[in-house]
Structures are given as structure tokens and as C-alpha cells.
Amino acid sequence: MPTSGIEQARALYRERSWPGCCGAFTEVEATESLGAPDLLLLASASVMAGRGTGADEAFTGAYHGFVERGSWAAAARTAFWYAFELVNRGATSQGSGWAARATHLVETHLPGSTEAALLGCLEAHRLLEDGEPDAALRVGEEALRVGRSVDDAELETLSLLVAGQALVALRRIDEGVHHLDEAMVAVCADEVLPELAGTTYCAVISTCTAVHDVQRARQWTAALTRWCDTQDGLAPFRAECTLHRAEVMTVLGDWADALAEVTTACAEPGSRIAGEAWYRRGELHRLRGEDEQAETAYREANVLAREPEPGLTLLRLAQGRLEVAAPRVRRLLAETLHGPARVEVLDAAVEVLLEAGDLDGATAVATELGTIAGGRGIPLLKALAWRARGAVQLATGAAAEALGLLRDSWRTWQEIEAPFEAARVRVLVSRCLTALGDDVSALMQLDAARTSFEQLGALAELRRVAAPSSPGNAPLTSRELQVLRLVAQGLTNRQVAHTLVLSEKTVARHLSNMYLKLGVSSRAAATAYLYDQGLR
């Protein structure tokens with residue numbers, strides 16, 4: 001048991017009881033001066049408790065205390081970790097100033113030391129921010145060599161982190177994520193400073209979501225949650241980490257929790273990613289069929305310099321405004337060149353272009369998506385590519401070939417535990433089965449998809465596949481109604497295609513979609529529905 005106030009404060013630090021630790025050290029300070037090592041513990045505890053002012057005072061006091069004692073290595077490390085905290089906080093100018101102090105000490109007293117390698121990690125981070133991943137990788141790998149040679153867990157962890165992020169930026173994805181996994185070994189073993197542990201968790205989750213490795217992101221999110229549960233009084237993580245956790249929750253179908261997380265990120269003052277947070281909020285509202293809230297969120301994202309795409313385009317498509325969605329998605333394809341944003345645009349483009357009857361364009365997009373997925377061993381990307389190719393095959397009339405691709409996609413979404421995407425694929429599977437004459441199995445697939453949409457609260461998708469429940473409530477798009485009205489006049493598919501300037505295959509696909517939505521199996525039954533609902 002601790003026998004003094006200072007011993008109690010140190011014990012609370014070891015127990016990760018952050019507010020209690022801060023309070024205990026503050027009580028001691030009221031009667032005696034804290035030494036530099038204890039001030040450094042107080043600084044760390046203040047960071048974890050979200051007490052920025054307390055951290056500033058403690059870091060500054062610890063630094064001066066080490067300098068007065070001539071403890072150059074400790075002083076340089078203190079200046080470095082203070083710079084690290086300031087940069088993470090977004091105070092880059094102040095962080096640069098403290099990094100310069102650490103550099104001066106290293107150059108004067110500690111050339112070639114591990115502290116010099118630590119500063120190299122900070123430089124590598126800056127190079128990454130400046131879009132120079134090659135240079136960042138060189139610096140990070142040299143720091144890693146030094147860290148391993150002296151068995152410095154914090155230096156090794158930080159250098160693995162920056163080198164891993166640089167590799168991912170260079171599209172050496174497998175190498176990069178393996179570096180990140182290795183960085184997490186020391187974190188999970190509680191071998192590094194708590195503030196470095198928290199930063200590493202968030203950076204790893206962020207990188208995994210950026211490369212669509214949702215399974216790895218989910219595993220580390222679970223680990224982060226367990227780690228947070230051991231930290232008494234831990235301050236909420238900064239908006240970046242909150243946002244990435246929300247992205248994982250969205251894929252897993254935890255939409256209510258995800259919305260709460262992104263709402264928190266949107267509200268964080270001065271956040272660098274507020275625009276992205278508002279965009280993700282808009283996406284959740286769109287998925288939930290809350291069009292007005294989605295519009296508001298997309299507008300906020302746009303004000304904050306985050307173009308609200310491709311979400312806004314998909315919202316316009318869901319609203320039946322194909323004349324807006326189609327040219328917009330073609331512009332996005334021309335402008336969005338690479339990276340995670342490219343994948344999102346490609347996925348949206350397949351849906352929009354197929355709806356517009358542009359089979360050539362959709363085929364090209366699906367092929368590109370397949371190329372991206374083929375170069376990476378990431379299940380989510382494979383599931384997207386299989387779905388895209390299956391949707392294109394279905395639109396061209398190759399239902400049997402499409403069915404195999406879509407079943408592969410569905411199984412992968414199931415393995416990822418992504419219920420919304422799995423349900424969307426089931427709708428396509430249902431259309432394949434209808435085209436192949438298996439109406440019973442088609443309706444079973446559609447019913448399963450409806451159940452999933454209902455459980456998720458995916459009202460937008462539910463409206464697209466729901467059977468009519470009341471007179472005058474047709475779940476058909478404006479284009480589908482145009483096709484159905486012409487069919488009701490007795491026109492053949494070829495005549496409808498000529499009238500609407502579509503291909504016959506597109507007309508056939510519209511009819512297949514309508515049959516599923518209406519729960520009918522013939523042109524006569526669909527025509528009867530049109531008359532019954534007064535939609536002529």
C-alpha cells in the first residue's frame with residue numbers, strides 16, 4: 001500500500017486511473033515541488049484525462065527540471081513527447097517549436113542517439129503529411145533499425161507506425177499493414193507510454209479503414225475498446241479516431257452507434273476532419289432513408305470543403321433523378337484518380353450507369369474495380385468487385401454467370417459480417433433467379449433481404465424492394481413507371497426500347513426489377529397493378 005501522497009500518485013498512474021492520478025499529484029504539489037520524473041508522469045496522465053493545460057505545465061516543468069540536472073537524454077525525450085502531443089492536438093506550430101528544442105539538445109549533446117531517431121519519426125510524419133512517402137519510409141526504416149538495435153520499445157513502435165503508413169501510401173499494402181500489426185504487439189503488451197498506445201491504436205484503425213481492410217480494423221477496434229475499458233477517466237479520443245470507429249460500425253450494421261460517433265466528431269471544435277464527419281453523417285442518414293437530414297449533412301460537408309460525393313449522387317439516384325446522377329458520376333470518374341475515394345466512386349458508378357442503361361460504361365468500371373481488388377488480398381474489395389461484375393452480367397442477360405459471381409460476393413459479405421451489403425447482393429441474386437425461371441427461390445432471397453433491411457432500419461433500400469402495401473403507393477422509379485405504362489399499352493420490349501431510347505436488355509431489366517418489387521410474375525399482372533393503383 002502507498003505510504004505517502006507521492007507514492008499514491010505513482011500507484012494511480014500504474015493503475016491507469018487518470019483523473020485520480022492528476023488529483024493526487026496536484027495535492028502533492030500544494031506542499032512540495034515535484035521532481036522532473038514525476039512531472040513527466042503528471043503530463044502523461046493529464047494527456048490521457050484530456051487536461052491540456054495541466055499537460056502543458058507538467059511537460060514544461062519536467063523539461064526544465066531535466067535540463068537543470070543536465071539529463072540531456074531525458075530532456076530531449078520530454079521535449080519530443082511534448083511536441084508529439086501538440087502535433088496530435090493540432091497545435092503544429094507549437095509542436096514544431098518543441099521539436100526544435102529537442103533537436104538542439106540532440107545536436108549539441110546526443111548525436112547519433114536513440115533520441116535522434118525519435119526525432120526522425122517526427123520528421124517522417126511531417127514528410128507523410130507533405131505527400132513524400134518515399135522519404136518518410138527511408139527515415140522511418142532507419143529509426144526502426146536503431147530502435148531494434150537498442151531494444152527501445154517506444155522508438156520501435158513509433159518507427160513501425162510511420163514506416164507502415166508510408167508503405168501503405170506507396171501502395172505496398174501487405175507490407176504496410178504487417179508493420180502496423182507488429183507495432184500493436186508492444187501496445188497490447190503495455191510496453192509503451194499510454195499516449196503512444198492510444199495514438200497507435202487510432203492510426204492503425206485509420207489506415208486499415210483507408211485500405212478497406214475492415215476485418216483488421218474491426219479486430220483492432222475491439223482491442224481498442226478493451227484497452228479503453230482499462231483506463232479510468234480516459235478522455236474521449238480525438239475526432240479522427242472517433243470517425244474511423246464509426247466507419248467500422250457502419251459496415252457492421254451498428255448504424256445507431258455509428259451515427260452517435262459521427263455526431264460527436266461533427267461537434268468537435270476546430271477538427272481537421274469535420275467535413276469528412278459531416279459527409280459520413282450524411283451517408284448514414286441516406287442509408288436510413290432520411291433524405292432531408294442527409295441533404296443537410298451533405299451541405300455542411302460541402303461548406304467544410306469536403307465534396308459530398310458519391311453519396312449525394314446516390315441520393316439523387318434513390319430519388320429517381322437519374323438525369324442528375326448519371327452526368328455527375330461520369331464527372332467523378334474523370335476527376336477521382338486513385339485511393340479509397342476512387343473505390344467508393346467506382347462502386348457507386350456501377351449502380352448509376354446500369355440504371356442509365358450505359359452497359360459499356362458500367363462494364364469498364366466493373367473491370368477497373370476487379371483490377372484493384374485483384375492486386376490486394378482484401379475481402380471487402382473482392383466482394384465489391386464480384387458484385388459489380390455480377391450486376392453487369394445480369395444486365396447483359398447472362399443471369400447464370402452473374403449468379404455465381406453474386407453468390408461469391410454474398411458469402412464474402414457474410415464473412416465480413418456486413419449485413420447491409422449482404423442484403424443488397426441478395427436482391428441481385430433474386431433478380432438472377434427470376435431471370436432463370438426460379439420464382440420461388442427468388443422471392444425467398446428477396447424476403448431475406450427485406451428482413452435484413454428492416455432490422456437495420458435501411459428504409460431507402462426497403463422502399464426499393466418492398467411490395468406495395470396501400471393504393472397509390474407504388475415503389476417504382478419514374479423510369480420504371482415509364483416502361484410499365486408503355487407495356488400496358490401493348491408495346492413489345494423492342495418497341496419500348498425504341499420509344500425511350502434504351503436497349504432491349506435495359507427494358508428487360510426494368511421489367512425484372514418491377515416484377516420483384518410488385519411481387520408479380522407477368523406483364524399482365526404488372527399492367528393490372530398499374531390500373532388498380534390509378535397510375536396510368
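The model is predicted, so local features require pLDDT of at least 70 and side-chain atom pairs count only at pLDDT 80 or more, while totals for chains, interfaces and linings use all residues. Residues are numbered from 1 along each chain as its sequence is written, and side-chain values use heavy atoms, with hydrogens and water left out.

Helices are DSSP runs of H or I with at least four residues, numbered from the N terminus. Helix 3 (residues 36-49) packs against helix 4 (residues 52-69) at an angle of about 160°, and their axes lie 8 Å apart; axes are lines fitted to C-alpha atoms over the stretch in contact, and angles run from 0 to 180 degrees between N-to-C directions. The two helices are therefore roughly antiparallel, a term for angles over 145 degrees. Contact (heavy atoms within 4.5 Å) involves residues of helix 3 including Leu39, Leu40 and Ala43, and residues of helix 4 including Ala58, Gly61 and Gly65.

Helix 28 (residues 504-518) has 15 residues and spans 21 Å from its first C-alpha to its last, close to the 21 Å expected at 1.5 Å a residue, where the expected span is 1.5 Å times one less than the number of residues. Because 12 of its 15 residues are buried, helix 28 is largely enclosed by the rest of the structure; buried means under 20% relative accessible area, with a 1.4 Å probe and protein chains only. Among these buried residues are Arg509, His510 and Tyr515.

Zero disulfides are found in the whole structure, a disulfide being a pair of cysteine sulfur atoms within 2.5 Å. For cysteine 21, the nearest cysteine sulfur, that of cysteine 22, is 5.7 Å away. Cysteine 21 is buried at 0% relative accessibility, and cysteine 228 is buried at 17%.

Technical notes
Buried means under 20% relative accessible area, exposed over 50%, partly exposed in between (1.4 Å probe, protein chains only). Angles under 35 degrees count as roughly parallel, over 145 as roughly antiparallel, 65 to 115 as roughly perpendicular and the rest as oblique.
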